[in-house]
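Subject: Handover of the model

Hello,

Please find the structure below, with notes on what was found in it.

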Amino acid sequence: MRGPALNPAVRGQVRHSVKERSPDFSLSTSERMPRILVTGANGQIGSELVEVLRERHSPSHVVRLDLKPPPAPNGQSPKAPFEVADVRNRDALADVIARHEVGTVYHLASLLSATGEQHPDRAWDVNMTGLKHVLDLACEHDLQVFWPSSIAVFGPSTPREDTPQQTILDPATMYGVTKRSGELLCQYYHRRYGLDVRSLRYPGLVSHKTAPGGGTTDYAVDMLARAAAGEDYTCFLEPGARLPMMYMPDAIQGTLALMDANADALSVRDSYNVGALSFSPAELAAAIRAHVPAFTSTYDPDERQRIAEKWPSSVHDEAARADWGWAPAYDLAAMTEDMLSHLRTETRESEDVGA
Ligand code: NAD
Ligand code: AKB
């Protein structure tokens, strides 16, 4: 059986509109291929994933969706489609999927841990309503889905070191509750409807292109950006708050490797643990000092420390390595060097533009 038995009127309507559209023979074969929809496309991950997907396919094949238009110079054009929509609006999502003849969705739109604790009702609404709509529409249109989970699914009773794939999951934040609920929903849709939905439990991601959007692990990007600008940094976590982290190129490579994997190889259908780095603010500051000897970090922990101390310090990811070949490339030293180099170049370029 394909797809949930809900709202057959809408289901029939959408299918009809997709099937009845006659092929546009002015387009090349590759242009007629199903498109990829990225929700939350303006965010830390979306903005980088879109670039890589455009290189793999073509800009016109990647449809971006977010609450607001993208910042210049990544604006929209017929060759680089962008849809302003709220993922809580099912009709708007259905319209985008049908109009662009979408075949795959990377559903990234979400509130993160720190923002989620400030707005728990909104976090539940955006994270769960949005995911449910995407899963239902994916069943109707036979789409493949990627949806990211997080180390936030773990909680105070979870083993903190080398956290296993199968373990106690008792999230302590609304964000973590939505991530674990979302994992179970994805697994249910796979088992019940055969939906090809795949997921990774990302750790804290470090990147230089787009600022992170309201998480507990954002300190790492903030610290590196300050150091690259020749400034000191006051960290909102304790110096010893060791967490699983990952550099964005590894996250993108891992996401695409999971999506490319043979479905029969996948033994985990809630969400895969993926480990890469494990470091504390003090260890990151030391790695920065190898390049910026004068850099100092002071510590003034806030409520985000309480979130961080319920999360693991490292995860066990044997299932991801065995099933689809997960193998991150960056260690702490390599990530720090690469981040500082990019951040300095970007600062110089923006100073040149402003001059
Ligand atoms: P982000 O906050 O940088 O971006 C999220 C994007 O979603 C934003 O551009 C925002 O405008 C958009 N959005 C929010 N509500 C929306 C709505 N109702 N409709 C449409 N768009 C909406 O987040 P990110 O870091 O890019 O994370 C993407 C996904 O990866 C999320 O599911 C997040 O939980 C997950 N994740 C991220 C990290 C990380 O360290 N960045 C770690 C673990 C999991
Ligand atoms: C956050 O800190 O909320 C995210 C995450 C680990 O899910 N970076």
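This is a predicted model: local features need pLDDT of at least 70, side-chain atom pairs count only at pLDDT 80 or more; totals for chains, interfaces and linings use all residues.

Residues are numbered from 1 along each chain as its sequence is written, and chains are lettered from A and ligands numbered from 1 in the order in which they are written.

Helices (H or I, at least four residues) and strands (E, at least two) are DSSP runs, numbered from the N terminus. Two strands pair if DSSP finds at least two bridges between them.

Strand β2 covers residues 62-66, and five of the five are buried, so β2 is largely enclosed by the rest of the structure. Buried means that 20 or more other C-beta atoms lie within 10 Å of the residue's own; exposed means 12 or fewer, and partly exposed is in between, with C-beta atoms placed from the backbone. In a regular strand the side chains alternate between the two faces of the sheet. In β2, Val62, Arg64 and Asp66 lie on one side and Val63 and Leu65 on the other, and both faces are covered.

Strand β1 (residues 35-39) runs parallel to β2 and is joined to it by four bridges. One bridge pairs Val38 with Arg64 of β2. Between these two strands the chain passes through helix α2 (residues 46-56), and this β-α-β crossover is right-handed. That term applies if, with the strands pointing away from the viewer, the path from the first strand over the helix to the second runs clockwise. Strand β3 (residues 82-84) is also parallel to β2, with three bridges between them. There, Asp66 has Val84 of β3 as its bridge partner.

**Two open sheets of three strands**

One open sheet has the strand order β6-β8-β12, with parallel pairing. Its edge strands are β6 (149-150) and β12 (272-273), each pairing on one side only. Two bridges link β6 to β8 (residues 200-202), and Ser149 has Arg201 in β8 as its bridge partner.

Another open sheet has the order β9-β11-β13, with mixed pairing. Here the edge strands are β9 (204-206) and β13 (277-279). Neighbouring strands of this sheet are turned by 45° against each other on average, direction ignored. Strand β11 (residues 243-247) is antiparallel to β13 and joined to it by three bridges. Helix α8 (residues 248-260) lies across β9 and β11, at about 80° to β11. Axes here are lines fitted to C-alpha atoms, for helices over the stretch in contact, and angles run from 0 to 180 degrees between N-to-C directions.

**Ser278**

Ser278 is found in β13 and is the bridge partner of Pro244. The two are 34 residues apart in sequence, and their C-alpha atoms are 4.4 Å apart. Leaving aside neighbours within four places in sequence, Ser278 is in contact with Arg242, Pro244, Met245, Ser313 and Ser314; contact means that the C-beta atoms, placed from the backbone, lie within 7 Å. Ser278 counts as partly exposed because it has 19 C-beta neighbours inside 10 Å.

Seven of the ten residues of helix α7 (residues 219-228) are buried. These are Tyr219, Ala220, Val221, Met223, Leu224, Ala227 and Ala228. After α7 comes Gly230, with a positive phi near 80°.

Arg344 lies in helix α12 (residues 332-354). With 17 other C-beta atoms within 10 Å, Arg344 is partly exposed. Its C-alpha atom is separated by 7.1 Å from that of Ala229, 115 residues away along the chain.

**The ligands**

A residue is near a ligand if its C-beta atom, placed from the backbone, lies within 6 Å of it. Ligand 1 has 28 residues around it, of which Gly40, Gly43, Ser110, Tyr202 and Gly213 come nearest. Helix α5 (120-141) and strand β9 each supply at least two residues of this shell. By type, the shell of ligand 1 holds eleven nonpolar, 14 polar and three charged residues. Ala, Val, Leu, Ile, Met, Phe, Trp, Tyr, Cys and Pro count as nonpolar, Asp, Glu, Lys and Arg as charged, and the others, Gly among them, as polar.

The residues around ligand 2 include Leu112, Ser113, Tyr175, Pro203 and Thr217. Its shell has five nonpolar, six polar and no charged residues.

Regards

Definitions and conventions. Two residues are in contact if their C-beta atoms, placed from the backbone, lie within 7 Å.
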